[in-house]
Amino acid sequence: MNSKLILGTAQFGLKYGINNSLGKPQEGKVLSLLKTAYNSGIRVLDTAESYGNAHQLIGKYHQKQDNYKFKIITKFPHQIKHNLIKSKVVDYLDIMYVKSLYVVMFHSFDSFKSNKNALETLKDLKSEGLIKHIGVSVYTNTQLQSLLNEDLIKVIQLPFNLLDNFSVRGDLINKLKEKGKIIHTRSAFLQGLFFRKINDNLSIVRDLKPHLTILKQIIKREACSMEELALSYCVNQDNIDNVIIGIDSTSQLTANLNATNYIINKETLKCINNINVQNLELLNPSLWKKM
């Protein structure tokens, strides 16, 4: 069991991910996956109001499994009316069948900046025990730097993976930990990009081909899987508290759990940390359609 893993739910409510050819899984399959994940030691779910009907599916699971409930991280929509925040949080609690939320997050740094008047309301909700932590989901190092001295922001969710790696994020992650922040990382597989064939005609694969080639060479040399290399790289970072994964099958969940047991040797770790993608926009999936 690896308590560092958090299960993301975007793929339960949306057709999500660059390798998703099956669409949203059926409700029964989602409920079964949630039960398997809990029994496998995963105790936290990452969700959002914008993830289709993910909140409703979590609620249906919790109604059936009242003694095996997950901690919930959820995100507000990008546009928030601060006078409606409390009612929105209460709705989340009702829909997902929980008494409190582990983390309520701003879905983006821009949303956080434009809704700072929401912080006092969220602070009150913390005092009432309806939420435990306030967080922000970010993309860039400039955004991370801006959150260093935001005392009310406890949890920061950021991309981190074999390409968006320690050489890109490491110094800031260390500084955030010194400030007592909780670090959650996402995009361990870069939305499935690491599993694409190296000669794929997808433009983002072509743009990142030199770097993806290095990763393919590593897994061949080390006789490991891409799951093992990618997940173990994230999970074994000392200053990363939790790693968010997305799954759409039991076999995928099992592969991910097993992958966290793999240990990267020091030479390979150095090789990964030396990968340096100059154009960091290539590592932001939200920008891929614009390229």
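1. Helices (H or I, at least four residues) and strands (E, at least two) are DSSP runs, numbered from the N terminus. With these labels, Ala48 is placed in the loop between E2 and H3. The model under discussion is predicted.

2. Eight strands form a closed barrel in the order E1-E2-E3-E4-E5-E6-E7-E8, and their pairing is parallel. From one strand to the next, the twist averages 25°.

3. Strand E3 (residues 71-75) deserves a point of its own. Of its 5 residues, 4 are buried, so the strand is largely enclosed by the rest of the structure. On one side, strand E2 (residues 44-46) runs parallel to E3 and is joined to it by 3 bridges. Within this pairing, Val44 stands opposite Lys71 of E3. Strand E4 (residues 101-106) is likewise parallel to E3, and 3 bridges join the two. Here Thr74 is found opposite Val104 of E4.

4. A right-handed β-α-β unit is made by E2, helix H3 (residues 54-64) and E3. From E3 the chain passes through helix H4 (residues 85-96) to E4, and this β-α-β crossover is right-handed.

5. Which residues does Ala48 touch, beyond its neighbours within four places in sequence? The contacts are His55, Thr74, Lys75 and His107.

6. Strand E7 (residues 182-186) is mostly covered, with 5 of its 5 residues buried. How are its side chains directed? Ile182, His184 and Arg186 point one way, whereas Ile183 and Thr185 point the other way, and all are buried. This can be read against a general rule: in a regular strand the side chains alternate between the two faces of the sheet.

7. The pairing partners of E7 may be examined in turn. Strand E6 (residues 155-159) pairs with E7 in the parallel sense over 5 bridges, and Val155 stands opposite Ile182. E6, helix H8 (residues 166-178) and E7 together make a right-handed β-α-β unit. Strand E8 (residues 242-245) also runs parallel to E7, and 2 bridges join them. In E8, Asn242 is the bridge partner of His184, and Val243 is that of Thr185.

8. Not counting residues up to four places away in sequence, Thr268 touches Ile218, Arg221, Glu222 and Leu229.

Conventions:
Residues numbered from 1 in each chain as written. Predicted model: local features only at pLDDT ≥ 70, side-chain atom pairs only at ≥ 80, totals over all residues. Heavy atoms only, no water. Contact = heavy atoms within 4.5 Å. Pairing = 2+ DSSP bridges. Axes fitted to C-alpha atoms, helices over the stretch in contact; angles between N-to-C directions. Buried < 20%, exposed > 50% of the residue type's maximum accessible area, 1.4 Å probe, protein only. Right-handed = clockwise from strand over helix to strand, strands pointing away.
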